[in-house]
Amino acid sequence: MTRGTAVTRRTAVVTGAARGIGHAIAARLVAEGWNVLLTDVDPEVTAAARGLDTTGEHAAGLVADVSRPEDAAAMARTAVEAFGGVDALVANAAVGGPETPLLDTPDDEIRRVFDINFFGVLHGIRAVRPELERTAARGATGRIVVIGSLFAQQPTPGAGAYSASKAAVQSLMRTLCLELAPVCTVNAVAPGYVMTEMHREELDARSRRSGRPFEQERDLVAAEVPLGRHGAGADVADAVHYLLSGAEYVTGQTINVNGGVLTS
């Protein structure tokens, strides 16, 4: 049943929101007065949603695999049932992929990365488009934010599948900002070295390869950042909130959140 607050509170779907950057984005939006549907393949997403709003009035969780079109359709349907519509999509769900040279990586492993990181974004946008069209018909501007990566713009050896998939996502954003211009804005936020579980796994792999302790690898990476530290999920959430809550004349853009590692 549609909740009465849907009239005054906008609704966002955030994928990959059980933890890390996605959860930080969802938390920021709930705190700023949004209704949020958190989705993830991790069943903990329902507990993550309850942690943001124990009443269930403004945050709900849904177990969904964005690589499956039927799950993307379920995300849109659930958001409408819970909150009355969809005003924004934050396409964050992604996997890091194999840490092998690209030419030595089996095709099925590369396809898995693209199924989640690229097609997951595409499926989500297709699913919410009818709701964003309804938002536009009310005279409001819908919002789509895709989460790119520093490594889409500055690839690193051994992460070719991930880098290529994120580059494809940012190219998708530039196409859809034109095709969906009558309906919504479409932008990207590209994090750099953000201390998430995925990044910790990357640091663990670096540590195994180098023989150096995890803490030393962590500090070496931080030393590469002009601002002198790893990013946090809240840093990315700041940029996403800007694009969702204002930025009426901003579309087709990538906001880099990387502490100055890559300038634009």
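Author: Before we start on the helices, a definition: a crossing is right-handed if the near helix is turned clockwise from the far one by less than a right angle. This is a predicted model.

Reader: Fine. Which hand is the crossing of α3 and α5?

Author: The crossing of α3 and α5 is right-handed. Helix α3 covers residues 69–83 and helix α5 covers residues 119–137. They pack at an angle of about 35°, and their axes are 8 Å apart.

Reader: Which residues make the contact?

Author: From α3, the contact uses Pro69, Ala72, Ala73, Met75, Ala76 and Val80. From α5, His123, Gly124, Ala127, Val128 and Glu131 take part.

Reader: How many of those are nonpolar, polar or charged?

Author: Eight residues in the contact of α3 with α5 are nonpolar, two are polar and one is charged.

Reader: Switching to rings. How many aromatic pairs in the whole structure?

Author: A search of the whole structure finds two. Phenylalanine 118 and phenylalanine 119 make one of them, an edge-to-face pair with 5.1 Å centre to centre and 85° between the planes.

Reader: Is phenylalanine 119 buried or partly exposed?

Author: Phenylalanine 119 is partly exposed, at 36% relative accessible area. Phenylalanine 118 has 18% relative accessibility, so it counts as buried, the cut-off being under 20%.

Reader: And what about phenylalanine 151 and tyrosine 193?

Author: Their ring centres are 5.8 Å apart and the planes sit at 70°, so that pair is edge-to-face.

Reader: Where do phenylalanine 151 and tyrosine 193 lie?

Author: Phenylalanine 151 is in helix α6, residues 150–153, and tyrosine 193 is in the loop between β6 (184–191) and α8. The pair therefore ties together parts that are 42 residues apart in sequence.

Reader: You mentioned α8. How many residues does α8 have, and what does it reach end to end?

Author: Helix α8 runs over residues 197–210 and has 14 residues. From first C-alpha to last it reaches 20 Å, close to the 20 Å expected at 1.5 Å a residue.

Reader: Which residues of α8 are buried?

Author: The buried residues of α8 are His199, Leu203, Ala205, Arg206 and Ser207.

Reader: What do they pack against?

Author: The buried residues of α8 pack against α9, which is 214–223.

Reader: Which residue takes a positive phi just after α8?

Author: Glycine 211 does, with a positive phi of about 80°.

Notes: Residues are numbered from 1 along each chain as its sequence is written. This is a predicted model: local features need pLDDT of at least 70, side-chain atom pairs count only at pLDDT 80 or more; totals for chains, interfaces and linings use all residues. Side-chain values use heavy atoms; hydrogens and water are left out. Helices (H or I, at least four residues) and strands (E, at least two) are DSSP runs, numbered from the N terminus. The expected span of a helix is 1.5 Å times one less than its number of residues. Buried means under 20% relative accessible area, exposed over 50%, partly exposed in between (1.4 Å probe, protein chains only). Contact means heavy atoms within 4.5 Å. Rings of Phe, Tyr and Trp (its six-membered ring) pair if their centres lie within 6.5 Å; planes under 30 degrees apart count as stacked, over 60 as edge-to-face and the rest as tilted. Axes are lines fitted to C-alpha atoms, for helices over the stretch in contact, and angles run from 0 to 180 degrees between N-to-C directions. Ala, Val, Leu, Ile, Met, Phe, Trp, Tyr, Cys and Pro count as nonpolar, Asp, Glu, Lys and Arg as charged, and the others, Gly among them, as polar.
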